[in-house]
Amino acid sequence: MSHSHKLVIKSSMSRPPPPPPTTNKDQQHQNPSLQEINIKLIQSGEKERLKELLRERLLECGWIDEMKALCRAFTRKKGRNNVTVDDLVHVISPKGRASVPNSMKAELLQRIRAFLASTAD
Amino acid sequence: MSSKINGHVSPQPCPHLLVFRSRNGPKPFRALQDCIRVKPPGGRAAIRREPTEVPRCGTCEESSRSRLYACVACAAVFCHAPLLHSHASDHSLSIPGHEIAVDVDRAELFCCACGDQVYDRDFDAAVVLAQTVNATATTSTSGSTAMQCSVAGSQPENLRKRRRVDYRPWEPDSGEHISRGNQSIPLLDATNASLVSSTQQPWGFRGLNNLGNTCFMNSILQALLHTPPLRNYFLGDRHNRYYCQQKNGAINGTKNSRLCLACDMDALFSAVFSGDRTPYSPAKFLYSWWQHAANLASYEQQDAHEFFISMLEGIHEKVEKDKRKSQSPGSGDCCIAHRVFSGILRSDVMCMVCGFTSTTYDPCVDISLDLEPNQGGSGKSSSAKSLNSFNFEADCMRPNQNCGISTLKGCLERFTRAEKLGSDQKLFCQKCQVRQESLKQMSIRKLPLVSCFHVKRFEHSSIRKMSRKVDRYLQFPFSLDMAPYLSSSILRSRFGNRIFPFDGDEQDASNDLSTEFELFAVVTHSGRLDAGHYVTYLRLSNQWYKCDDAWITQVNESIVRAAQGYMMFYVQKVLYYKESENQGTS
């Protein structure tokens with residue numbers, strides 16, 4: 001494959017979401033699917049803003065430092081050259097998810113709800 | 001095959017990356033670099049073709065996976081969730097040569113076959129360049145002490161080669177012969193039993209009499225008397241008070257030429273290290289300092305930190321105007337005070353609208369740290385708990401637990417954290433030509449020989465229009481590694497996992513010195529803001545001593561750990577002698 005031209009991202013990246021399954025007006029106000037919410041968040045830029053907020057919160061409460069410490073401890077035990085990113089993700093994901101404070105989850109949920117409400121058709 | 005850049009080893013490429021590079025020309029990621037998007041300006045880099053596109057996995061159509069990778073060979077996007085399934089791995093296995101992919105949200109290269117991150121210098125350089133909208137820095141508009149910095153990078157003054165001098169054994173010259181004869185006194189040794197105390201204290205310990213609320217001065221003087229580079233300088237006769245006086249007299253032609261604070265320090269060192277253990281009254285020193293800091297000349301209580309700063313300034317002012325020496329404090333060549341205490345702080349201010357970053361450098365002789373804001377009353381009870389057991393670090397690892405224990409490292413982390421300046425603190429952006437909201441981050445460009453940390457223990461309430469003292473306990477380590485607070489580390493954490501192509505000019509000037517420091521003096525304050533008492537703890541060959549005006553006693557290290565630190569003095573580990581040789585203890 002020649003590499004002299006610009007990287008062409010295949011259509012899988014910019015394909016529009018599938019249309020809602022029914023044309024019934026009532027059913028259009030049903031809870032949107034996770035996919036639809038996600039796309040809305042990304043396209044409006046809200047997902048990036050939420051991610052930044054989340055990063056700030058996790059940093060403030062020491063969660064990031066704790067994850068770093070877990071990674072370091074694991075790497076020290078296994079040896080620096082025997083650890084991959086996938087290993088680390090596998091090891092710290094359950095602990096990471098479990099230790100996110102409930103208040104943070106609640107805050108994010110609230111923001112997402114507010115966003116969806118403000119952009120509802 | 002890995003090389004060292006700025007002391008860090010750059011990672012070795014995996015075999016798949018090597019094969020990919022060999023097959024795809026000298027710049028295999030050139031096309032990818034055009035897809036780097038940085039949002040918001042100065043923020044994180046991502047891979048996008050269109051600004052609002054939504055990446056999806058080609059196999060399962062999912063866009064909400066946490067890791068999506070675009071194959072660098074064919075640009076197809078796949079998800080990678082090793083715990084469930086990895087369509088990215090499937091893809092790499094199905095087509096040889098398609099192992100290298102890029103994380104679309106983080107702009108980081110990944111080898112799907114190895115399951116690990118890989119690094120390419122050119123690609124990382126392009127990402128870093130995209131993140132720094134304008135790579136050149138500017139000087140600050142305020143103050144003449146800021147240093148200029150540009151990407152091209154000119155070698156700082158203190159890194160230029162110094163001419164080596166041939167070794168010659170020392171012989172006193174005629175002047176030294178005279179001063180030795182007239183002005184010197186023999187060092188008292190063990191045979192002079194009447195003047196030597198029975199408490200086997202190391203050399204150079206002598207109580208300082210309180211001359212009327214002068215504990216602020218005594219506490220700082222005790223710390224300075226045992227600051228290794230300062231002690232070595234004066235005991236090594238590098239500032240001879242007899243010569244200096246004579247020179248001053250000759251130049252000014254006046255009889256009562258003002259003494260210089262360095263001369264007074266020299267006299268103090270001579271007195272304290274003479275072997276005489278009876279408490280010493282630094283009256284002459286106090287008088288000289290009053291002449292320098294006229295506004296502070298009184299018998300009222302003063303602040304030790306203020307005294308420290310004014311003393312260093314005093315030594316600097318009175319330095320002989322040697323035309324060969326530079327007068328800038330940053331290089332440390334101007335006077336012994338700055339040579340020992342002066343470091344360089346770097347301040348990055350980034351406009352949040354356009355991303356333009358302006359960098360300034362300022363010398364500093366100490367770092368004043370804020371204690372963290374009140375943690376809702378949990379402070380007192382947990383600090384009482386902490387004094388009993390010193391294994392609280394393990395407990396503090398839990399993210400949820402509000403353990404309420406402030407640490408020096410925590411203060412330093414906060415000091416070097418990127419801070420959003422409020423909308424009432426907008427700074428002028430040179431690119432936008434208006435005041436904009438900004439992001440400010442401090443870091444240390446050059447470490448001093450001795451780091452002095454000053455804890456801001458006073459709180460001023462503008463509502464109540466009064467100040468009060470913050471007594472909260474601050475935990476401080478005996479050994480401190482300053483590496484995470486250096487500009488190089490801060491930059492690295494800002495840009496993420498990148499190889500830095502222009503590490504050359506971002507080299508910290510103290511590259512050849514280590515970043516490890518040892519605590520040797522702690523100045524503590526007890527009491528109220530307007531009425532209190534200063535005490536200094538000194539550490540010599542792993543023993544701690546309490547200097548309380550005229551009384552010096554040996555204490556257990558646990559006392560020091562529990563003390564309320566106001567100023568902490570750390571010296572570079574290479575200059576600190578843990579195991580002392582013959583200290584001349586009696």
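## A sheet in chain B

Let's start with one pairing: B:Ala70 has B:Val102, in E8(B), as its bridge partner. Keep in mind that this is a predicted model. Strand E5 (residues 68–71) and strand E8 (residues 100–103) of chain B run antiparallel, and 3 bridges join them.

Zoom out, and you'll find an open sheet of 6 strands in chain B, paired antiparallel in the order E7-E6-E5-E8-E9-E10. Strand E7 (85–86) and strand E10 (116–117) are its edge strands, so named because each pairs on one side only. Helix H3 (residues 87–94) of chain B lies across E5, E6 and E7, at about 120° to E6(B).

## Cores in chain B

Now for the greasy bits. The largest nonpolar core has 57 residues, and those touching the most other members are B:Leu221, B:Met265, B:Phe307, B:Phe308, B:Met311, B:Phe341 and B:Phe569. Helix H6 (residues 215–225) of chain B gives the most to this core, with 8 residues. Another core, of 36 residues, lies apart from it and includes B:Ala45, B:Leu68, B:Val77 and B:Ile100.

What does B:Met265 touch, beyond its neighbours within four places in sequence? Its contacts are B:Leu221, B:Phe234, B:Phe285, B:Met311 and B:Ile315.

Over in chain A, helix H6 (residues 102–118) has 17 residues and reaches 24 Å from first C-alpha to last, close to the 24 Å expected. Its buried residues are A:Met104, A:Leu108 and A:Phe115. Down the axis of H6(A), they fall within an arc of 30°, so they line one face of the helix.

Their cover includes helix H2 (34–44) and helix H3 (46–60) of chain A. The face of H6(A) turned away from the buried side carries exposed A:Asn102, A:Ser103, A:Arg113 and A:Ala117.

Conventions. Residues numbered from 1 in each chain as written. Chains lettered and ligands numbered in written order. Predicted model: local features only at pLDDT ≥ 70, side-chain atom pairs only at ≥ 80, totals over all residues. Heavy atoms only, no water. Core = buried A, V, L, I, M, F, W, Y, C linked by side-chain atoms within 4.5 Å. Buried < 20%, exposed > 50% of the residue type's maximum accessible area, 1.4 Å probe, protein only. Helix = DSSP H or I, 4+ residues; strand = E, 2+ residues; numbered from the N terminus. Contact = heavy atoms within 4.5 Å. Expected span 1.5 Å × (residues − 1). Arc of directions from axis to C-beta. Pairing = 2+ DSSP bridges. Axes fitted to C-alpha atoms, helices over the stretch in contact; angles between N-to-C directions.
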